[in-house]
Amino acid sequence: MNKIFASVDLGGTKIELIALAENGAELLRTLRPFVFPRLTSATVIDDVRALNRRIKRELVRPRGGDGSGFDLKNGEGGIREIEFFVQALQLIHAGKRPVLRVRGTLAALDALLFAGLIADHEHLAMWRAYRWLRHTEHVLQLEGGLQTQIVPDDDARRLVLARRLGYPGDVGFAIDLVKHTAAVSRLFATLGDPGDERAEVTAILHGELTEDEEADALARLGFHDIAAARAELARARRSSDSPLSPAASERTARIGAALLGEIAASADPDQALRAVGDLIARRGAAWSIWRLLDENPAIIRLLGSIFGASAYLARTLVDTPELIDLLIELGQTPPTRSVAQVAADLDARLAAVDADDPEQGWSAIAEIKNGHVLRVGLADFAGALDALAVCAELTAIAEACLDRALAIIEGQLAARHGRPPGDARLAVLGLGKLGGRELGYAADLDVVFVYTGDDGESDGAAPLAAVEWFSRCAQRLLGALRQRTPRGRLYEIDTRLRPSGSQGLLVTSLAGWRRYHAEDARLWERQALIKLRPVAGDRALGEQVARLAADTVYGQPPEPAGGVLAIAEAIRQMRERIERELGGPGSRRDLKLGAGGIVDIEFAAQYLQLVHGHAHPALRTTGTVAALEAAAAAGIAPARDLELLAQGYRFLRKIEHRLRVVHDQPIHRLPEAKAELDKLARRSGFPDGGVLLEHVERWQHEVRSAYLRLVAA
């Protein structure tokens, strides 16, 4: 038996536990029912507030005479109030919601947002304040070499601290200190208190305001297009059972007040109100959503967040309202799914449609796809998935949809033309971001088709040669995925990376593939093959093609005489051409193609793979960040540059995710209009567009510098 020591610090009161247990995990399991009981006392909030008052009374010194200043940890609106705010909600809800049982304060804030227990603006205010206060505390401790959290009260020492934090003077520092602590204090005071809805919300819903007064109230709530907002409210009020109608029942009106409050607190109130208006107009008075929202108030907060964050996700909910029921489950279960799990959902849905009605089948696939993208989007905005995890989830969804779509097309062809002869098989290989498991929202799928088999004909009533059978299969698959269904489109497919390029057949025989890449493949084609992996169709054939691709890319080391320099020069020229011809004017705002953009990072990683992959098998990966991490582990490039590129990739992909998910469009250029840039900033966790642009430009500068150092080395 091992002796386990645990120390729990609750607001300066340290509880020490010594227990005999097989291991620490056993101790934690023993403690869990006490820490997270399924039923909590009604006095939990009062107890937390009492502890907070006790800390202030016993630990916080009066400011002034002895040179002491504000206590960053224990003062009003300080770090402790953020921690207590989070922990109080965990104590109340984590007993029944295991997903809330996380240790870090920021991680717990994300979990609370994901579970619908705090609003977007509350999450953002607490997150910013915690980061700022902890950073200030760390700088203060580094400066004095002491474990202190007291801001100096004398002007000279406070000015030194402010400058160490990057402020030109102590005035800006003091303003931010007041801003953050006031926000924390205000939110901490709301614990356990549902509070009255804003006076503006109540007045608007009761129809008590004149036109001018209502316009002013909407402006104060954060709406920008006041005329459009008033028109949306008028549309929503037409039904007496609408939650936004002055004639709504008491229960429905209560929902309406909460809903309008969350709309106003979202990243884009105008967009959110339009979505709610569409929801009300489409579903009518008898729809059960209002009962669902009344029984699960947390969903109101989630709806407000989603509607303000993404018109695409909002439209998904409006068009498929049964998905709203899933929001309860989504906040309580892990946000990840495997390809097999998505495929199982597709199979279950396809089993319920008429197999003789192709439109129903494709619509069913689009419906499942949309539901899973909604799951990812919700987790993305809640912070439950980082940028790379979002990519992995979106890739899994695409793979499952692609594989099931191929099976449907093959079944249709077999019914008419029979099966291809002998051992004829078809593999679908992913390239680009599909191959790298790096898909974003609204991404195209880069694929190639490779087949093998006899030269005979299929065995049906209208036989086809093998090459014709597989060509039709590829053509129909592309058409099916590109079509717009009643549930929206599936995917745009790009096949230009096949050996014949945009010309010739869509499918390539295995023999032709082997011959082309052994004799004619150019450097850029070898570079593209780095990303190749099987994604659908015959897996054995797909793995065979992947092995051939790996041999093409990594089979031989660079030529001893100038081979590395030739690769570097070719990579730089190709990158310059992409930036010049595709980036175009204003490429500074292009997250992907501009200088220091995503392509810089991808090309740097691929350069290292082309040069060193022969000698270092760990570099033979399809993922960009995985390749950079493997390069760092192998010591083949400066670790600082590799880490910078990996972090830059995560940052730029996160902003790209936020940009694309709004309207489900494959865009990667920051908006020029200030209002749109500000909305993107709020969706991305920045106070305004100027701050977002500053961060993007700083990352682009650092990425471009690291890229040039690596490729020139």
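The backbone oxygen of G435 lies 3.0 Å from a polar atom of the T622 side chain, a polar contact being a pair of N or O atoms within 3.5 Å in which, within protein, one atom must be able to donate a hydrogen and the other to accept it, with residues adjacent in sequence counted only if both atoms are side-chain atoms. T622 is found in the loop between α26 (598–612) and α27 (624–634); helices (H or I, at least four residues) and strands (E, at least two) are DSSP runs numbered from the N terminus. With a relative accessible area of 16%, T622 is buried, where buried means under 20% relative accessible area, exposed over 50% and partly exposed in between (1.4 Å probe, protein chains only). Leaving aside residues up to four places away in sequence, T622 touches G435, G436, R437, E438, I530, K531, L532 and R533; contact means heavy atoms within 4.5 Å.

The model is predicted: local features need pLDDT of at least 70 and side-chain atom pairs count only at pLDDT 80 or more, whereas totals for chains, interfaces and linings use all residues. Residues are numbered from 1 along each chain as its sequence is written, and side-chain values use heavy atoms, with hydrogens and water left out.

The protein chain contains 30 helices and nine strands. Of its 713 residues, 52% are buried. Among contacts between residues at least 6 apart in sequence, 68% join residues at least 24 apart.

Strand β3 (residues 425–431) has six of its seven residues buried, so the strand is largely enclosed by the rest of the structure. Strands count as paired if DSSP finds at least two bridges between them. β3 pairs with strand β4 (residues 445–452) in the antiparallel sense over seven bridges. In this pairing L426 stands opposite Y451, and L429 has V448 as its bridge partner. β3 is also joined to strand β9 (residues 533–537) by four bridges, and these two strands run antiparallel. Here V428 stands opposite A536, while the bridge partner of A427 is G537. Four of the five residues of β9 are buried, so β9 too is largely enclosed by the rest of the structure.

In β4, eight of eight residues are buried. Both faces of the strand are covered, with L445, V447, F449 and Y451 on one side and D446, V448, V450 and T452 on the other. A442 is placed in the loop between α20 (432–435) and β4. Phi of A442 is near 60°, a positive value in a residue other than glycine, and A442 is buried at a relative accessible area of 10%.

A nonpolar core is a set of buried Ala, Val, Leu, Ile, Met, Phe, Trp, Tyr and Cys residues joined through side-chain atoms within 4.5 Å. The largest such core has 102 residues, and those with the most contacts inside it are F223, L244, F307, I324, L402 and F449. Helix α18 (residues 358–382) supplies the largest share of this core, twelve residues. Apart from it lies another core, of 62 residues, including L431, A604, A605 and F651. In soluble globular proteins, nonpolar side chains tend to be buried together. F449 touches L426, A427, V428, A474, L477, L478, T495, L506, V507 and T508, not counting residues up to four places away in sequence.

Among the helices, α15 (residues 311–319) is mostly covered, with seven of its nine residues buried. S310 caps the N-terminal end of α15, a side-chain oxygen lying 3.3 Å from the backbone nitrogen of Y312.

Helix α25 (residues 563–583) packs against helix α30 (residues 689–712) at an angle of about 150°, with the axes 9 Å apart; axes are lines fitted to C-alpha atoms, for helices over the stretch in contact, and angles run from 0 to 180 degrees between N-to-C directions. The two helices are therefore roughly antiparallel, the class for angles over 145 degrees, while those under 35 count as roughly parallel, 65 to 115 as roughly perpendicular and the rest as oblique. The contact is made by A568, I571, R572, R575 and E579 of α25 and by R704, Y707, V711 and A712 of α30.
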